[in-house]
Amino acid sequence: MSFIEVRDLKYTYNAGEEDAHEALKGLSMDIEEGEFVALLGHNGCGKSTLAKIFNGMYVPLSGSVKVDGLDTSDEKNQIQVRRKVGLVQQNPDNQLVAGIVEEDVAFGPENLGIPPLEIRERVDEALKAVNMYEYREHAPFKLSGGQKQRVAIAGVIAMRTKCIVLDEPTAMLDPRGREEVMETIKKLNREHGITIILITHYMDEAVQSGRVIVMDDGKVLTEGNPRDVFSNVELLKRHKLDVPQATELAYKLKNAGIDLGGVPMNTLECIKLIEDYIK
Amino acid sequence: MTESNVIETKNLSFTYGIGTPFEKHAVKDVSLTIKQGEFLGIIGHTGSGKSTFIQMLNGLIKPTSGTILLNGKDIWAEPKKIRNVRFKVGMVFQYPEYQLFEETVIKDICFGPMNQGLSEADALKRAKEAAFFVGLPENLLEKSPFELSGGEKRRAAIAGVIAMDPDVLILDEPTAGLDPMGRDLLLTQIYNYHKERKNTVLLVSHSMEDIGRVADRVLVMNKGEKAMLESTRDVFSKGYELRDMGLKIPQVTHIMQKLKLMGLPVDEGTLRVEDALRQLIPLLKKGEQK
């Protein structure tokens with residue numbers, strides 16, 4: 001049994017009304033515990049709808065979604081599902097509620113009715129995990145975008161969720177902020193075994209995942225390890241996506257008759273391939 | 001000041017919360033000139049002062065010291081006429097789609113020109129041109145803005161500013177949150193608008209790849225100060241300095257700089273994949289023959 005099992009999932013906004021919009025059109029996927037999955041797709045392909053279904057915010061109209069064996073359509077599972085899957089959204093300013101960083105991180109566990117001593121422990125642990133412990137007494141509004149997102153992630157970790165879904169967490173961040181968030185996500189996945197589902201429009205982030213799932217028009221278009229998926233430059237471009245510049249350069253060289261003998265995922269790999277090619 | 005400078009700032013500074021414990025110098029002593037018709041990229045980490053700086057350029061924030069000349073005139077010489085500055089220096093904020101409010105898209109785009117005092121017919125003409133520039137198809141113009149997709153809403157909001165025919169168009173992260181093709185398309189449309197109208201465009205972005213593609217010069221802000229203002233290739237040739245400021249260079253520029261260090265005769269200021277290909281294909285082909 002997979003950690004998340006999606007079977008023939010359909011979801012329609014305003015179902016039965018004039019302005020009904022079918023966002024998910026029969027989608028199936030499995031996500032294993034401990035995986036780092038990047039979810040790609042153009043605007044309006046249904047990624048964010050799926051994210052909200054993963055943590056039980058929306059309920060499937062047909063088909064099924066099981067999280068750690070729990071059917072998310074069953075109302076009595078709702079709270080359990082939300083404890084297992086945490087959601088981090090795009091805008092850091094819309095997610096922080098308290099006036100002090102550690103109080104913000106404590107908000108989740110407090111709502112779960114965790115005893116105060118354990119909350120203290122969880123908050124410290126969560127802030128350390130995202131490298132924000134030294135900011136625990138700061139005011140969230142004074143932090144940078146990357147720091148705010150890391151506090152939002154800590155808030156989810158403090159609830160001891162097994163899985164974190166991040167919906168474009170770096171869209172509003174500067175380059176360093178993006179790096180901070182990516183390093184944090186990878187560390188949580190690697191060292192704490194937390195399942196990560198990262199929705200992103202940045203291909204240089206997607207290549208850092210273990211598996212890429214590409215969505216299109218409410219369905220899964222293709223999936224596989226990043227190197228296989230990003231080898232298929234034409235397919236991605238046809239579906240309004242892209243590849244990192246390093247990958248594109250190698251791809252276009254190959255089209256021009258210069259086969260570097262590999263698909264680079266980042267600048268260093270590309271430089272290495274060109275270096276080897278010259279020798 | 002020569003005629004070719006559209007904006008000139010002299011020792012421009014802005015301090016938040018003067019006299020309180022929260023006093024903070026958001027912008028410190030920035031002096032620069034922006035040329036008529038140039039495409040200027042603006043980069044800098046969060047909190048580097050970019051937003052405060054651009055908001056001073058169109059009179060939304062009054063500098064605590066220093067002056068801003070627009071076409072040679074101090075914009076704060078007559079504070080009551082500051083509204084006119086906002087028509088001449090058009091500002092597209094981040095996530096502008098949240099600012100749409102009218103019944104129809106076309107009415108929303110007309111809002112700016114109508115406020116400028118244009119007749120309905122003239123405003124409509126401007127609005128249609130603006131919609132064309134941003135690639136909004138005519139059949140969407142009579143719809144409610146709330147029926148549009150995210151990308152279309154963003155375009156409608158940008159059209160609303162373009163319709164005022166500003167001398168200077170400032171865009172703050174116009175492509176944030178768009179998918180790669182949406183980014184690409186919008187960036188191309190902005191670039192074409194700039195080429196055709198020959199207007200000055202200021203683009204604030206965290207995407208070094210985007211800046212590399214379209215900007216003539218780049219202003220780098222760091223801790224409220226002007227850290228660099230040079231041609232795009234010269235700025236991105238300083239990868240290490242940018243990294244110290246929490247910034248990056250485009251991937252393709254990074255690759256070409258490393259290849260140059262390895263002894264390949266390539267341009268370390270290469271900004272686009274196409275330009276890299278033009279240099280690498282002959283070089284690598286030649287290598288093959290040896």
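This is a predicted model: local features need pLDDT of at least 70, side-chain atom pairs count only at pLDDT 80 or more; totals for chains, interfaces and linings use all residues.
To return to Leu136(B), its contacts beyond four places in sequence are Val105(B), Ile109(B), Ala131(B), Leu141(B), Glu152(B), Arg155(B) and Ala156(B).

Glu230(B) belongs to strand β10 of chain B, which spans residues 225-231, and because its relative accessible area is 24%, this residue counts as partly exposed. Beyond four places in sequence, Glu230(B) touches Arg217(B), Val218(B), Val235(B) and Lys238(B), and with the side chain of Lys238(B) its own side chain makes a polar contact at 2.7 Å.

Over all chains, the whole structure contains 9 aromatic pairs. One of them joins Phe14(B) and Tyr16(B) edge-to-face, with 4.7 Å from centre to centre and 80 degrees between the planes; Phe14(B) is buried at 12% relative accessible area, whereas Tyr16(B), at 38%, is partly exposed. The rings of Phe133(B) and Tyr193(B) also form an edge-to-face pair, because their planes stand at 85 degrees with the centres 5.2 Å apart. Since Phe133(B) lies in helix α4 and Tyr193(B) in helix α6 of chain B, this pair ties together parts that are 60 residues apart in sequence. In chain A, ring pairs link Tyr11(A), Tyr13(A) and Tyr58(A) into a cluster, while the charged end of Arg178(A) sits over the ring of Tyr202(A), 3.6 Å from its centre.

Key: Residues are numbered from 1 along each chain as its sequence is written. Chains are lettered from A and ligands numbered from 1 in the order in which they are written. Side-chain values use heavy atoms; hydrogens and water are left out. Contact means heavy atoms within 4.5 Å. Helices (H or I, at least four residues) and strands (E, at least two) are DSSP runs, numbered from the N terminus. Buried means under 20% relative accessible area, exposed over 50%, partly exposed in between (1.4 Å probe, protein chains only). A polar contact is a pair of N or O atoms within 3.5 Å; within protein, one must be able to donate a hydrogen and the other to accept it, and residues adjacent in sequence count only if both atoms are side-chain atoms. Rings of Phe, Tyr and Trp (its six-membered ring) pair if their centres lie within 6.5 Å; planes under 30 degrees apart count as stacked, over 60 as edge-to-face and the rest as tilted. A charge sits over a ring if NZ of Lys or CZ of Arg is within 6 Å of the ring centre and within 35 degrees of the ring normal.
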